[in-house]
Amino acid sequence: MSKVVSLESAVERFVPDGVGLLAVGGMHLHNNAMALVREVIRQHRRVRRLLTSPCGALNADLLIGAGLVDEIATSYVGFEHLGLAPCFRRAVESGSIRVLECDEAYITHGLYAGAGGLPYVPLPVGLEISDVSKVNPEYYRMVEDPFTGARVLSGAPLRPDVALLHALQADERGNAVIAGAHFVDRSMALAAKTVLVQVEEVVGFGEIARHAPGTTIPGFLVQAVIEAPGGCHPTASHGAYRYDEEHLMTYLARARDATGVASYIEELVTGQSEDGYRAATAGRVGALRYAPAAAAASATPGEATRR
Amino acid sequence: MTAGDGAAGNWSVGELMAVELAARLRDDDVAVMGTASALPQVACRLAQLTTAPGLWYVAGGTSSVNPHLDPVVPSCCDYDLLRADTALPLGDVVLMEGRADVFSVFFAGGLQIDAHGNCNLVSVGDWSRPSLRGPGTVGLPFLSRVGRVLIYSMSHNRRTFVERVDFLGGPGFLGGPEEWSAAGLAGGGPALVVTSLATMDFDPDSLRMRLVSVHPGVTVEEVRDATGFDLIVRDPVPTTVAPTPDQLAIVRELDSNGVLKGR
């Protein structure tokens with residue numbers, strides 16, 4: 001049975017209001033599953049706890065700006081060289097959001113632990129020095145290493161209730177291929193209880209099998225595939241189009257205060273369907289597309305394996 | 001931005017910093033860098049093409065191995081960085097960052113950098129109710145694991161260069177010699193700090209930051225004024241060697257979009 005569903009029904013069916021741990025994939029200004037994020041905002045789904053990859057960006061900032069997030073577990077929310085994340089910053093500084101401070105190693109290994117049913121994951125000696133673990137006792141604890149007796153830092157497994165991910169393509173059975181960098185998106189897919197994948201394009205069954213193992217998410221982990229061409233905009237979609245710096249700068253300017261981000265959301269998110277957003281941004285996405293040669297020249301890990 | 005921009009040379013501060021960092025890289029180094037790391041990427045590529053052909057470098061979230069930088073891009077997760085010798089999954093890089101024997105150089109920075117080279121990208125003021133919330137710490141806690149930490153900052157001012165970080169994200173020499181030796185960390189600690197104004201290292205006894213050279217057109221007084229702690233200064237202070245025409249030509253061929261110029 002086909003897993004391809006509309007964006008509206010995917011969020012309606014699989015993202016409960018008050019979702020316990022919602023993971024958003026992509027990293028920095030790349031592969032943010034923005035069509036799914038925007039639909040979560042349209043359907044006003046509250047998020048008890050949001051989890052980012054090691055570096056969240058607009059995916060997290062917009063959900064926070066919409067006032068939907070109670071707590072965030074992250075090691076970074078920002079816009080890299082473009083600036084700080086305005087809504088995240090405002091929410092933390094005003095105390096309206098609770099931060100579960102994480103570092104990159106914990107998010108990576110914690111998802112691995114979640115994916116593998118590991119009760120907890122010990123972390124490299126030295127990571128206990130930073131203040132990160134000291135302000136987040138919910139996720140980090142010191143334990144005794146049963147082999148040496150030393151006290152070592154460990155992290156709790158991360159098992160997202162729902163993961164919102166982006167991939168370049170998927171087939172109707174939910175097999176998906178991530179082009180370019182995977183960041184920790186595959187780990188999120190492995191660890192999450194429910195996985196929603198938005199793709200640039202749904203392809204015929206068997207197409208995904210042409211890609212190297214290790215570049216894909218197998219369909220048995222995926223609950224829903226949503227065809228959302230241009231759906232990462234204004235972030236980049238690896239293998240398809242670059243990020244829209246002008247739009248992102250406009251967002252950063254508008255989101256500088258609560259009124260501004262509310263008007264951005266009303267105008268561009270809740271005030272229209274995703275089809276409307278797509279129609280309005282199709283020209284910009286088209287202009288940001290990678291030239292076919294540039295896309296083919298990339299040395300993705302998968303392609304290197306295949307050679 | 002500084003006098004170095006115009007009067008003293010036709011290079012930008014970013015270009016000078018890349019050349020200055022490149023001079024500290026060795027032929028047997030394996031370097032790793034993260035968020036917004038165009039500048040150290042250029043330093044590594046320049047070193048590969050000149051003084052350290054055996055160097056390896058792994059760039060940011062794409063975990064590209066020796067990205068070709070054709071051209072340099074500002075985001076560390078950019079698809080264009082995958083034009084590289086090869087690439088790893090990010091998880092593999094994070095995994096191996098936990099070992100002290102894979103990466104010999106880690107590039108770091110922060111909203112705050114203190115007298116002992118500790119870095120903070122998390123928060124200014126009290127963590128639970130900060131006056132400035134930064135983005136977060138990403139991989140900086142790994143600074144305790146690597147051989148040499150090279151710190152770079154385009155913001156040499158008293159808000160960034162403070163006596164003590166408000167939040168310890170990336171460990172430097174911690175509270176000084178006693179705390180540092182008691183911690184017994186695998187890494188060698190911060191080795192060098194290159195900023196928009198000057199190059200600094202650490203006094204071997206006090207493990208406090210000390211001036212190595214001021215960039216062309218910058219005075220020692222300017223650096224002192226822009227630093228929020230007592231910088232160790234030994235007279236006379238030399239001037240940072242300006243990029244050679246050959247070095248600049250390589251940097252500009254890589255950075256045809258002027259990413260380092262815009263910073």
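In chain B of this predicted model, strand E10 and strand E12 (residues 190–195) pair in the parallel sense over five bridges, where two strands are taken to pair if DSSP finds at least two bridges between them, and where helices (H or I, at least four residues) and strands (E, at least two) are DSSP runs numbered from the N terminus. Within this pairing, B:Tyr152 has B:Val194 of E12(B) as its bridge partner. Strand E5 (residues 105–108) of chain B is also joined to E10(B), by four bridges and in the parallel sense, and here B:Ala108 has B:Ile151 of E10(B) as its bridge partner. Strand E10 of chain B, which spans residues 148–153, is mostly covered, six of its six residues being buried; a residue counts as buried if 20 or more other C-beta atoms, placed from the backbone, lie within 10 Å of its own, as exposed if 12 or fewer do, and as partly exposed in between. The side chains of B:Arg148, B:Leu150 and B:Tyr152 point one way from the strand, while B:Val149, B:Ile151 and B:Ser153 point the other way, and all are buried.Residues are numbered from 1 along each chain as its sequence is written, and chains are lettered from A and ligands numbered from 1 in the order in which they are written. For this predicted model, local features need a pLDDT of at least 70 and side-chain atom pairs count only at pLDDT 80 or more, whereas totals for chains, interfaces and linings use all residues.

Chain B contains seven helices and 14 strands. The radius of gyration of chain B, taken over C-alpha atoms, is 17 Å, close to the 18 Å that the globule rule gives for 263 residues, so chain B is as compact as a globular protein of that length; the rule is 2.2 Å times the number of residues to the power 0.38. Along the principal axes, the C-alpha atoms of chain B fill a box of roughly 45 × 45 × 35 Å, and 57% of the 263 residues count as buried. Of the contacts in chain B between residues at least 6 apart in sequence, 67% join residues at least 24 apart, two residues being in contact if their C-beta atoms, placed from the backbone, lie within 7 Å.

A further sheet of chain B is open and consists of three strands in the order E7-E6-E11, with mixed pairing. Strand E7 (119–120) and strand E11 (161–162) of chain B stand at its edges, each with a single partner strand, so one side of each is left without a neighbour in the sheet. Strand E6 (residues 112–114) of chain B is joined to E7(B) by two bridges in the antiparallel sense, with B:Ile113 standing opposite B:Cys119.

Confidence in chain B, expressed as pLDDT (the predictor's confidence in each residue, from 0 to 100), averages 94, and 96% of the residues score at least 70. Over residues 1–8 of chain B, however, pLDDT stays under 50, and for this segment the model has 23 contacts beyond four places in sequence. For the complex, the predictor gives an ipTM of 0.95 and a pTM of 0.95.

Chain A is divided into domain 1 (7–102 + 159–297) and domain 2 (123–156), with bounds that come from an automatic or database domain assignment. The centres of the two domains of chain A, taken over C-alpha atoms, are separated by 31 Å. In chain A, an open sheet of three strands has the order E5-E7-E6 with antiparallel pairing, and its edge strands, strand E5 (121–122) and strand E6 (140–144), each pair on one side only. E6(A) is joined to strand E7 (residues 151–155) of chain A by five bridges, and A:Met142 has A:Leu153 of E7(A) as its bridge partner.

Helix H2 (residues 34–42) of chain A is largely enclosed by the rest of the structure, because seven of its nine residues are buried. These buried residues are A:Met34, A:Ala35, A:Leu36, A:Val37, A:Arg38, A:Glu39 and A:Val40, and just after the helix A:His44 takes a positive phi of about 50°. Another buried position, A:Val195, lies in strand E10 (residues 194–202) of chain A and has 27 C-beta neighbours inside 10 Å. Beyond its neighbours within four places in sequence, A:Val195 is in contact with A:Ala163, A:Leu165, A:Ala189, A:Leu221, A:Val222 and A:Gln223. A:Val195 and A:Val225, which are 30 residues apart in sequence, are 8.9 Å apart in space, C-alpha to C-alpha.

Between the chains, 47 residues of chain A are in contact with 43 residues of chain B. On the side of chain A that touches chain B, the elements that give two or more residues are helix H4 (86–94), helix H5 (104–116) and helix H11 (301–306). The residues of this side of chain A divide into 23 nonpolar, 17 polar and seven charged, where Ala, Val, Leu, Ile, Met, Phe, Trp, Tyr, Cys and Pro count as nonpolar, Asp, Glu, Lys and Arg as charged, and the others, Gly among them, as polar.
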